[in-house]
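User: I would like a close look at a single part of this model, with its surroundings described in one connected answer.

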Amino acid sequence: MTKLKLFIFLAAGLVIFSGCNLNQNIQNTNNANLNAVNQPTNVNLAVNTNIPTVVPPTSTNCAQIGQAPGLIIKCCSGLILQNGKCAAPPATCIKEGRAPGSSLAKCCADLILQGGICSQPECKTDSDCYPLGFKPGKCGTFYQCKSNKCYSGSAQCPPPACLPNCLGKVCGSDGCNGVCGSCLPPSTCSANGAECLSQPPACTPNCAGKTCGDDGCGGSCGTCASNQTCVSGNCQNCVSHGNLDINTPPRQILIGGSSHVSVMTIKLQASSAEDLYLNEVRVTDTAAITPVASAWYLYASSRSDCGSIADPVAVAPGGVVADFRISDTSVTIPHGGSVTLVVKIDVINVDGSMIQNGLPFYPWVAASGDVMATGKYSGQHVNIITAPLKAEGPDHVYGSRPYFSVDASSPGGALIPSSNAQLAIFDVSADAANDITFSHSAGNKLVVGVNRSCVGSVGTVFLKDGDGNILDSQAGVDLCAVSSLTFTFSSRDLIIAKGTTKKLYVYGNTSGFINHGDLIQLWLDPSLTTNVTWSINSDGGNYGEADIIFRGGIYANSLSKS
């Protein structure tokens, strides 16, 4: 009969039971069962004392990838048990700008480890190294990709102006006017571009020792009163500075293309009730045929915003009407006091077609409500002007004009009778804009007034230039009987180049001035606008503004017989 051996594994080790034949085993079992009720079971165990001692696993006896750890061996460091065998853990991918956390983690996708940081390689192939405009075949193999970096391989082409560099950066500039990436708001890019910051760096406001101005974080340490300004963090009272001519300009010639020409003054007064903040001023060119002002400027004789009175408080575009809007803090009219406003313009250029010489300009504050202010305390709107105010005009626009004065060497004092005595020397200048011409064919003329006290002195009078050329002459003139001399440049035109000056000499017969006290004095008379007429750049014009050019009269020195 077949014998069986029964093996029982115990936790303490390996135990082997020896049995007899099967019949004997059955019999012993039955006998044991019969005595089980009254007697404890008695089993003889034969223990194997040759079981080896269990040894803890070490670094040299751990299971590698693909091996089973068995009973006393574990998976080596970094491996995990998967399906009964040691295996590597799932791969970990490191994104751009981050450092791998362990030897098993790798940079994602096409990133490479550069300087301990995962980043885009500079290149993969040679073609990645060709900048815009430098392509293979045109520049040979100037650039080559080696170990993910571009190297020059030929001197056939100049190097690029700039190579972008985003090494270790996820945002910010690439050094070539490009970017290495951008951050989603409200995140901001760090100073070195290595990361996106969740919020901007903290800012601590600093108002120590300050009562106004910036707190260093975009906030304010306080504001100043309307008549104060903030200087180095503290409020100081305004002091008027700068220069401004507040005299009312008389009727004048406006030179085309000139700038910041004063054309009108407006004096504003406030009652004794309260200060007034000036808000609006409207000025209208009431003579407008074509707009003369290419720009308008408003100045004030005093300012409450601490600005210079040499600077405008408001500016308006060119046109027929100027609407000035003034900040509440710019001009304050003190209660019981006044402020003078000055209106200036840039003058449009004379082109001879759309803009003709002689174009009129006449500025007015034309209607009630054209000057408005607000009460400082009441907040009420105040209509300062209730009746029209106008300038001294109308003015006229010209491309140029002459200027007259008495020459410093003009004769004066004792009169010596002579048939060809020098009576006066006048200087005449042309504006810097264009030439001035006195032409007989254009009808230009110069009228010289004569003040005299004598009996009779008949002869010829001459008008000469500085070179002695006769410009005009009149025969049979009795200087003791005439009140003026009219020269029409019948002998020679006089041309004065722009920005230059020439001399005019007047000669006459004084042989009749023989009595003690006889005298003569020449002068330029402003009573008639046509007492001087001129052309511009020999244009054939006959422009007359003697009341402006000779304003107040221009008197040569008097000559008297002693």
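Which residues does Ser400 touch, not counting residues up to four places away in sequence?

Analyst: The model is predicted, and what follows is computed from it. Ser400 touches Ile255, Asp431, Asn434, Asp435, Ile436, Trp534 and Ile536, when residues up to four places away in sequence are left out. The residue sits in the loop between strand E28 (395-398) and E29. Ser400 has 0% relative accessibility and therefore counts as buried, the cut-off being under 20%. One of its contacts is polar: a polar atom of the Ser400 side chain lies 2.9 Å from the backbone oxygen of Asn434.

Another of the residues touched by Ser400, Trp534, belongs to the largest nonpolar core, which has 45 residues. Trp534 is among the residues with the most contacts inside that core, together with Phe404, Phe438, Leu446, Ile520 and Phe550. Strand E31 (residues 421-430) supplies the largest share of this core, six residues.

The open sheet it belongs to has five strands in the order E29-E31-E38-E34-E35, with antiparallel pairing. Lys464 has Tyr505 in E38 as its bridge partner.

Phe404 connects this description back to the core. Its contacts, leaving aside neighbours within four places in sequence, are Asp427, Val428, Phe438, Leu446, Leu504, Leu524, Val532, Ile549, Phe550 and Ile554. Of these, Phe438, Leu446 and Phe550 are also listed among the residues with the most contacts inside the largest core. Phe404 also takes part in a cluster in which ring pairs link it with Phe438, Phe489 and Phe550.

The structure holds nine aromatic pairs. One of them is formed by Trp296 and Phe361, whose ring centres are 5.9 Å apart with planes at 45°, so the pair is tilted. Because Trp296 lies in strand E18 (residues 293-300) and Phe361 in strand E23 (residues 359-361), the pair ties together parts that are 65 residues apart in sequence. Trp296 and Phe361 are both buried.

Terms used
Residues are numbered from 1 along each chain as its sequence is written. This is a predicted model: local features need pLDDT of at least 70, side-chain atom pairs count only at pLDDT 80 or more; totals for chains, interfaces and linings use all residues. Side-chain values use heavy atoms; hydrogens and water are left out. Two strands pair if DSSP finds at least two bridges between them. Helices (H or I, at least four residues) and strands (E, at least two) are DSSP runs, numbered from the N terminus. A nonpolar core is a set of buried Ala, Val, Leu, Ile, Met, Phe, Trp, Tyr and Cys residues joined through side-chain atoms within 4.5 Å. Buried means under 20% relative accessible area, exposed over 50%, partly exposed in between (1.4 Å probe, protein chains only). Contact means heavy atoms within 4.5 Å. A polar contact is a pair of N or O atoms within 3.5 Å; within protein, one must be able to donate a hydrogen and the other to accept it, and residues adjacent in sequence count only if both atoms are side-chain atoms. Rings of Phe, Tyr and Trp (its six-membered ring) pair if their centres lie within 6.5 Å; planes under 30 degrees apart count as stacked, over 60 as edge-to-face and the rest as tilted.
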